[in-house]
Amino acid sequence: MQLTLHARQPFSLHSVIYSHGWCQLAPFKEDASQAGLSLITRLENSQVVELHLSETPGGVLIETPETLDDQAIRNISEMINWMLGLDQEFSDFYALAGAEPKLAKAAARAQGRILRSPTLFEDVIKTILTTNTLWAATKRMNANLVAQFGDSLPTNLEARAFPTPASLAAADEATLRAQTRLGYRAPSVLALAQRVASGELDLESLKHSDLPSTELRKRLQTIRGIGPYASANLLMLLGRYNFLTVDSWAIKMVSQEWYNGGPVTPAQVESAFEKWGDWRGLAYWLWDWTRV
DNA sequence: GGTAGACCTGGACGC
DNA sequence: GCGTCCAGGTCTACC
């Protein structure tokens with residue numbers, strides 16, 4: 001099956017794929033050429049498929065060896081549209097960024113879209129796995145979750161999709177802690193999976209929520225394991241750029257950029273980008289931190 | 001509202 | 001090979 005989707009211009013698949021580290025997390029798989037991206041995902045009809053994404057004039061080409069019915073194709077179309085933010089509009093941001101040397105290349109590179117997972121559930125779990133640990137450990141924990149709880153491709157039992165809420169909800173905390181190496185994050189992951197699987201929490205509805213960003217942030221922070229940094233990361237994935245993902249790296253970068261390497265508080269990191277208004281999270285994210 | 005300490009893993013380092 | 005130290009956000013108790 002082949003499917004072509006149109007993207008609002010300017011668009012660069014490479015810029016979306018490398019917008020952050022998600023492309024390194026299973027079940028995403030980077031192309032050796034860095035020109036495309038593969039993923040294994042579970043469709044609404046429970047079919048597990050492998051999709052390959054590549055750029056085509058005006059948009060993105062989706063290919064899979066599977067034979068799919070019309071409903072599955074619609075499902076994939078909506079999923080990829082969400083993951084790549086094909087409808088997202090950044091002209092206001094580009095107009096502002098053009099006057100700032102540290103962001104001047106954003107429009108030419110078609111930057112702004114942040115790679116999303118197929119479901120917000122997957123993105124919340126992955127975000128929890130990024131907290132209070134090194135990137136190598138995040139990749140390991142995530143790979144363990146996929147390997148132990150994800151559904152397999154029919155044609156390759158080793159290749160798995162991200163676990164469903166139900167499959168994780170059925171796990172026990174001890175297994176998550178010890179075998180998946182989630183450590184103290186295990187209760188958070190388990191509690192979230194159980195809330196989503198039971199229907200108590202409709203995470204996916206937040207993708208298109210009308211809530212103001214501050215309210216959405218409060219809602220996200222009711223999830224165990226989601227604090228200021230993680231909620232800001234999730235808001236950015238939801239297309240809200242009102243908050244900064246202030247982590248230790250951000251503090252270090254702002255210290256070097258504006259405080260001559262001196263001590264910097266999270267509030268000072270926030271204020272450094274305050275003038276960017278509703279775009280401040282994106283201005284921070286795309287800022288060219290290289291010294292001139 | 002602000003602060004301190006616990007939570008857990010794995011890499012780096014010294015012995 | 002073993003022990004110790006440290007980095008990395010969130011949560012909770014306490015002031």
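These legends walk through close-up views of a predicted model. Residues are numbered from 1 along each chain as its sequence is written, and chains are lettered from A and ligands numbered from 1 in written order. Local features need pLDDT of at least 70, side-chain atom pairs count only at pLDDT 80 or more, totals for chains, interfaces and linings use all residues, and side-chain values use heavy atoms, without hydrogens and water.

**View 1. Helices α9 and α10 cross**. Here α9 spans residues 213-220 and α10 spans residues 228-237; helices are DSSP runs (H or I, at least four residues), numbered from the N terminus. Their axes come within 9 Å and cross at roughly 125° (lines fitted to C-alpha atoms over the stretch in contact, with angles from 0 to 180 degrees between N-to-C directions).

**View 2. Side by side: the residues where α9 meets α10**. From α9 come S213, L216, R217 and L220, and they meet P228, S231, L234 and L235 of α10 (contact: heavy atoms within 4.5 Å). This set divides into five nonpolar, two polar and one charged (Ala, Val, Leu, Ile, Met, Phe, Trp, Tyr, Cys and Pro are nonpolar; Asp, Glu, Lys and Arg charged; the others, Gly among them, polar).

**View 3. The surroundings of DNA strand C**.

**View 4. Backbone atoms by the phosphates of DNA strand C**. A backbone N or O atom of A230 sits 2.8 Å from a phosphate oxygen, and one of I226 sits 3.4 Å from a phosphate oxygen.

Conventions
Helix = DSSP H or I, 4+ residues; strand = E, 2+ residues; numbered from the N terminus. Near = heavy atom within 4 Å. Polar contact = N/O pair within 3.5 Å; in protein donor to acceptor, adjacent residues only side chain to side chain.
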